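Please keep the sequence and the model in view while reading.

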Amino acid sequence: MAYLYLLIRLLVASCVLLFTDHVPAARSRADTGVMLRVLGTVQDGGSPHMGCKKACCSALFAQPDPTRQVVALGVADASNQQTWLFEATPDFTRQAKALSQWGQGLSETPGGIFLTHAHIGHYSGLMFLGKEAMNAQAVPVYTMPRMLDFLQQNGPWGQLVTNRNITLQPLVQDSALRLSAHLRVTPIRVPHRDEYSETVGFLIEGPHKSALFIPDIDKWEKWDRSLETLIDGLDYAFIDGTFYDAAEINYRNIADIPHPFIIESMARFANLSKANKAKIYFIHFNHTNPVLDPQSTQSHQVEASGFHIARFQQEFEL
């Protein structure tokens, strides 16, 4: 009798385990509520890069790779059919379309655009909202104070404001902005070349998970915060991976374009736990960066070290 009772207990436990194992696979986008999609991974100048005669670009001029789009993230809240775009890049047209096609009945323009700073790859796509192109109506553009002033006071961006193609929405450092019942965004200042505006990253928090987006930073040592400390409270960290190492930059003074090399970041974060390393996704790759090729030795080295490389159209639950 005791044997029969034990057998029944084991059968019940097995059924519970089988059901539990299938729950994650069965979860739909509607169940998870908020999703994040990688809409671009390349540095401002794109790939192929203007004037580049290196092997990394030569074939791409003849046969462009549609996955080589400038860095941007898209976020969709399925519960209320809203979308937001992080960065307005030179590939804005294709990225906005991809965002609108993510679900049924979504608008051709995002419900809001968040800008990190005033370098060309991060805001120049706003021009496609103007009267020469879409002639959009009052698309909210979320910016920090200096970035807001830059757009208002300089053409052709000021015309977008005057014509109400866009409406500028001020952000406050470290102050969370609630976009829906399921999503909030917080701007975080980071050190970068701030010729025309300040530079921020964004903490994007959904109902289940959170992501940090820092496509540009000068060096980790210059930041008044520590990613090592913040990473415990995050699920994903999309961080500056512009250059793999100094060897690829033999045509410009690296002092003029400071970024943490991927090999520097991997060394700095080498002592993180395996789980925390796996949260890090490098993004914003220069056209010379070998990790753009998933089959490169450098790509394999990043993954073997416990980190990840952001890839075009990857999706993440928030």
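The secondary structure of the protein chain comes to 11 helices and 14 strands, where helices (H or I, at least four residues) and strands (E, at least two) are DSSP runs, numbered from the N terminus. This is a predicted model, in which local features need pLDDT of at least 70 and side-chain atom pairs count only at pLDDT 80 or more, whereas totals for chains, interfaces and linings use all residues. Residues are numbered from 1 along each chain as its sequence is written, and side-chain values use heavy atoms, with hydrogens and water left out.

**Confidence and overall make-up**

- The mean pLDDT (the predictor's confidence in each residue, from 0 to 100) of the protein chain is 88, and 87% of its residues reach 70 or more.
- Over residues 1-30 the pLDDT is below 50, and this stretch has 9 contacts (heavy atoms within 4.5 Å) in the model beyond near neighbours in sequence.
- Of the 318 residues in the protein chain, 50% are buried, a class that means under 20% relative accessible area, with exposed meaning over 50% and partly exposed lying in between (1.4 Å probe, protein chains only).
- Among contacts between residues at least 6 apart in sequence, 70% join residues at least 24 apart.

- Strand 2 and strand 3 (residues 82-86) run antiparallel and are joined by 5 bridges; in strand 3, Phe86 stands opposite Leu73.

- Leaving aside neighbours within four places in sequence, Leu151 is in contact with Leu115, Tyr123, Leu126, Thr143, Trp157, Gly158 and Leu168.

**Salt bridges**

- The structure holds 11 salt bridges, each defined as a side-chain nitrogen of Lys or Arg within 4 Å of a carboxyl oxygen of Asp or Glu.
- Glu108 and Lys97 meet through their side chains in a salt bridge (2.8 Å, N to O); Glu108 lies in the loop between helix 4 and strand 4 (113-114) and Lys97 in helix 4, so the pair ties together parts that are 11 residues apart in sequence.
- Arg268 and Glu228 likewise form a salt bridge (2.9 Å, N to O); because Arg268 lies in helix 9 (residues 262-268) and Glu228 in helix 8 (residues 227-230), the pair ties together parts that are 40 residues apart in sequence.
- Arg68 forms a salt bridge with Asp65, the closest N and O atoms being 3.8 Å apart; Arg68 counts as buried at 17% relative accessibility, whereas Asp65 counts as partly exposed at 27%.
- Asp174, Asp224 and Arg225 are linked in a network of salt bridges.

Key
Pairing = 2+ DSSP bridges.
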